[in-house]
Structure formats: structure tokens, C-alpha cells
Amino acid sequence: MAHQTIRTLYHYINGEKVVGRSGRMGDVYNPATGDVCAKLPLASKAEVAQAIQVARDALPAWASTPPLQRARILMKFRELVLQHQDEIAQTMSQEHGKTLPDSLGDLTRGLEVVEFATGIPHLLKGDFCENVANVVDSYSLRQPVGVCVGITPFNFPAMVPLWMFPIALACGNTFVLKPSEKVPTTSLLLADLLTQAGLPHGVFNVVNGEKEAVDALLTSPDVAAVSFVGSTPVGEYIYRVGCEHGKRVQALCGAKNHLVVMPDADMNQVVDAIIGSAYGSAGERCMAISVVVPVGEETAQRLREQLIPRIQGLKIGAYTDKTVEMGPLITAQHLQKVKGYVDIGVQEGAELVVDGRGVQVAGGEKGFFLGGCLFDHVKPTMRIYLEEIFGPVLSLVRVNSYAEAVQLINVHEYGNGAAIFTRDGDCARNFTHTVNIGMVGVNVPIPVPVAYNSFGGWKRSLFGDHSIHGAEGVHFYTRLKTITTRWTTGLRGAQFHFKGGSEH
Ligand code: NAD
């Protein structure tokens, strides 16, 4: 593989690239080669405070800008992102490891939220009630909450930040984004394109860093709302500390997504769906399928036989090879963690049917690669079933009945996504109605809501009262105000005019 130059990154504050001054730098890796591809400044408390101050200063003018003007800047931003999409996808794949089509998909799904946000004049329209009492009218409207913060994970470097800031900005808020320190460049590129699109300086800022930067954001009295997407232990912390400091918080967290296979399902369709949803993006998706629940022994056997060769045949490698289906894991530490789970599964007594631990990738000997792994006969008491692994490790949990499958899902601590594959409408209807999960698919393995619906799980997959984007996003980034007016001086003597019977 070609030698990569090491880029030096920056913060993006007040419409400018800002050199880090904390004296602390982090390494950003190319996971396909194991080499450092960028150096990242890790913000100090003072640098974070500066970004918040800038966002606060920019707030009054931006909040008073007519929504249509705000929307037009987002329209221009969308055009600029599309013009630069290949460059952005390259950077994303270099830092994350996912294939180029996956990176483009990441960006495209994010841009759909921008498209949604450009409709903000309509979305902010309030309700008006005339004559709620004699000459008293009442109306409601939604106003921005203030300085909003986004704290985002590594696995969707474009889509997850784009779930947040387009709607926050469209609603009239200003924003400070703290992207994942593992994949920071995409956010910096997007920040620059926002400035090129005409966004006033200070309305959108990026600070890079880790816990110190996050804590400074969470505890600042000038931050009104925090959107977090990441792991459950960190999300719980963010939710607790943010709420203690009086902020509105939404924290979208970890997952263990089940796919139920009924005996009548189309097995070819099921296997295709599992390969894409369990191993795509190396299983590092919060909506990845990590547990498959075949109903009945015969279903389990047929599924297993078809799955094994497909998993063994997965083409694994670097994003630079266009034929690759699955890239590396994000870091050496994460690779060790995921491999550790494979060891645990073996110790727990599950049957390791496909073992990806010995995968060889030509030219990627130092890369963080793991081949697809498949466990059969996994029991609901095992750690590999209970805990989020976040890698290409799939568990088959065999059950004897549909009711047993639903019960498994309903008692699991996570509630992000679940899917059922069946041709039976009655069964599908019962599943969607009863399952204790936020996002449900029928013959759709990854039921990710589109931008104008809202994305969010249940149980320990989401802390807070709002899902993200769609109408819930508009509600999260605005405060409801209701105004009641009495005007006794106007229109004295004038009456309602009704047409007479002969008038048209
Ligand atoms: P992570 O929790 O390690 O990091 C997320 C963010 O929190 C990063 O910006 C990171 O810098 C920050 N952070 C990490 N540790 C912190 C700490 N101790 N204190 C304060 N901030 C801290 O998550 P990740 O590994 O980047 O992403 C993977 C996780 O994200 C998985 O659990 C996945 O399920 C989850 N995820 C959830 C969704 C969803 O919508 N529910 C979507 C994508 C990813």
C-alpha cells in the first residue's frame, strides 16, 4: 500500500481553522494499514470555552435570521457537499476503514437530513386558535434553545453529525460539534463547506478532543442542549451529567439487534440480508444484526448451511480495493476487544462455526482486520449474547417457537432495532405490534428511519425523551412558546359578514 503523509488537524472555530494550543495531540489511524494518518489536537477546557463563547456570540443574529434564509444556506451547503463527496468519502474510508460505497452511503443518508432541514419554514409553523375567549386569541410557536452541542461516535463520521446540526441550525441555534477523535476529518471538511455556503462565522464550530473536551461542554452554563450518539456507558454518563447541569439531553446508545427467521421465510433473501447487515461495515453499525433467531431446528439447519460459505467467502481488505466487501475494525484496541469476545464465546461453550481470527490481508498485515465469525448454539445467558460486541461476530440463538423469539427480544437490555423475516402477514403484524423495540423491520434487516421520520431505540439504547431528526429533531432543538393576546381596541363595531342565501 502507498505510504500516506501524516496530516495535522485543527479545530474549526468562528469560521476558521484553529491550531490546537493544549499541547496534547492524538493519533488518527488508517485502520487498513495500521499507520497513523493524522495528528489531532485534543482541546483543553479553555479552548472548548472559547468555542462555546463564539457560538453564544453568534446566537442572537442567527436566531433572528428568517428561517427561509437559514434554509437557503443549507441548500447551498448540500450542493457543495455533493461537489466534494468523493474527497469526503476518501477521507472517511481512510480514517474509518469502510468501503467507498459505504462512505458515500454514510454521506448520502446524512444529506437527506439536510434536505429535510431545508423545509424548516414549514416545520416551524405554529398553531393559531382564534377567540379562545372573548376577543382573546392564542398561538404557539417554536423558538431555538440556544447553543447546542453534538458528541458523535466513530462509526458514521458524516451521517451522525448530520443527524444533528442541520436541524439545530435550521431552527436558529448555534452549534459546537465534538466529533469522534478516531474519525475527525469529515466534520472539519463539513465545517469549511458550511462557511463556503455562507453560514455566518461562529454559528457552527468543531472542537476536537476526548473526555476533557466533552466534560467542558457538558458542564458549561452556556450550553442549552446536548445530542450524543455512542456507547451505552458513555451515553448514560452524558445524560446524567448533562441533566445535572440543566441541559436538554438526548443520548442514543448501544444495541444488540435481533433478526427472527420464521420457517416460511425466503431463505435466499434472509441470507443476503444477514450478510449485509451483520458483516457490512465490519459489524460496526448500531443497527447491525448481531443475533439471528431461527425458529425451529429445520430453519436453523437450513440457515446455517447457507450462511457458512457466504461468510467464508467475504472479501476482506482495504477500501482502496474496489472489490472488497468488508474493511478492518477501527483500532487495534477494538480488534483485541472483539477477538476477546470470540475467545469468551468459545469458553462459554458456543460453537464457533466460522472463525475469522486468522484472516490474512495482502498488504494489510498491520491493519486491524478480523474475518467474519459465526457462533451457533448461543445461549441467552452467555456474554456474547448479552453484550454489544460491535464487530463482525454473529450469534445464532435457536428457539422452538415464535413466542420464544419475541420473549428473547423483549427482555434484552437493548432496544434499538429488530427484524422479522416471514411471508405470514399475521405473524409480521403481531411482531411489529408487540416487540419492545424502537425500530422494527419486516423483511428489512436494518430498518433505519428516513430523515423525515425519527431515529431512536428503546430501553438502554436511548436516554432522553426525544429520538433524533424528523419532527422529534425539530422538537428537541426548539422550545415551545404559547402566546395569548387580547385586543379590545380594534375593529370596533365591525361584524362578521356572511353571504345571504342568494349570494355566491
Ligand atoms: P464511544 O461511546 O466510545 O464514543 C462516543 C463519543 O463519546 C466520542 O466522541 C468520544 O470521544 C466520547 N467519549 C468516549 N469516552 C468518553 C468518556 N469517558 N467521557 C466523555 N466522552 C467520551 O462510542 P464509539 O466507540 O465511538 O461508537 C460506537 C458506539 O456507538 C456503539 O456502542 C454503537 O452502538 C453506538 N452507536 C449508537 C448509535 C445509535 O443511534 N443508537 C449510532 C451509532 C453508534
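Glycine 97 occupies the loop that links α3 (85–96) and α4 (100–117), where helices (H or I, at least four residues) and strands (E, at least two) are DSSP runs numbered from the N terminus. The model is predicted: local features need pLDDT of at least 70, side-chain atom pairs count only at pLDDT 80 or more, and totals for chains, interfaces and linings use all residues. Residues are numbered from 1 along each chain as its sequence is written, and side-chain values use heavy atoms, with hydrogens and water left out.

Glycine 97 counts as buried because its relative accessibility is 3%; buried means under 20% relative accessible area, exposed over 50%, and partly exposed in between (1.4 Å probe, protein chains only). Leaving aside residues up to four places away in sequence, glycine 97 touches Pro31, Met92, Tyr319, Gly327 and Pro328, a contact being heavy atoms within 4.5 Å. From glycine 97 to cysteine 427 the separation is 330 residues in sequence and 39 Å in space, C-alpha to C-alpha.

In general, an α-helix has 3.6 residues a turn, so residues three or four places apart point the same way. The N-terminal end of α15 is capped by aspartate 424, a side-chain oxygen of which lies 2.9 Å from the backbone nitrogen of aspartate 426.

Beyond β20, asparagine 443 lies in the loop between β20 and β21 (458–459). Asparagine 443 has a positive phi of about 60 degrees although it is not a glycine, and it is partly exposed, with a relative accessible area of 27%. Asparagine 14, in the loop between β2 (11–13) and β3 (16–18), likewise has a positive phi, near 60 degrees. Its relative accessible area of 35% makes asparagine 14 partly exposed.

Glutamine 250 belongs to strand β12 (residues 248–252) and is buried, with a relative accessible area of 1%. Its side chain forms a polar contact of 2.7 Å with the side chain of serine 227. A polar contact is a pair of N or O atoms within 3.5 Å; within protein, one must be able to donate a hydrogen and the other to accept it, and residues adjacent in sequence count only if both atoms are side-chain atoms. The side chain of glutamine 250 also reaches the backbone oxygen of histidine 466 at 3.4 Å. Among the residues that glutamine 250 touches, not counting those up to four places away in sequence, are Phe228, Phe463 and Tyr477.

At the level of the whole protein, there are 16 helices and 23 strands, and 56% of the 504 residues count as buried. The domain assignment, which is automatic or from a database, gives domain 1 (7–253 + 461–484) and domain 2 (257–442). The contact between them takes 23 residues from domain 1 and 22 residues from domain 2, and their C-alpha centres lie 31 Å apart.
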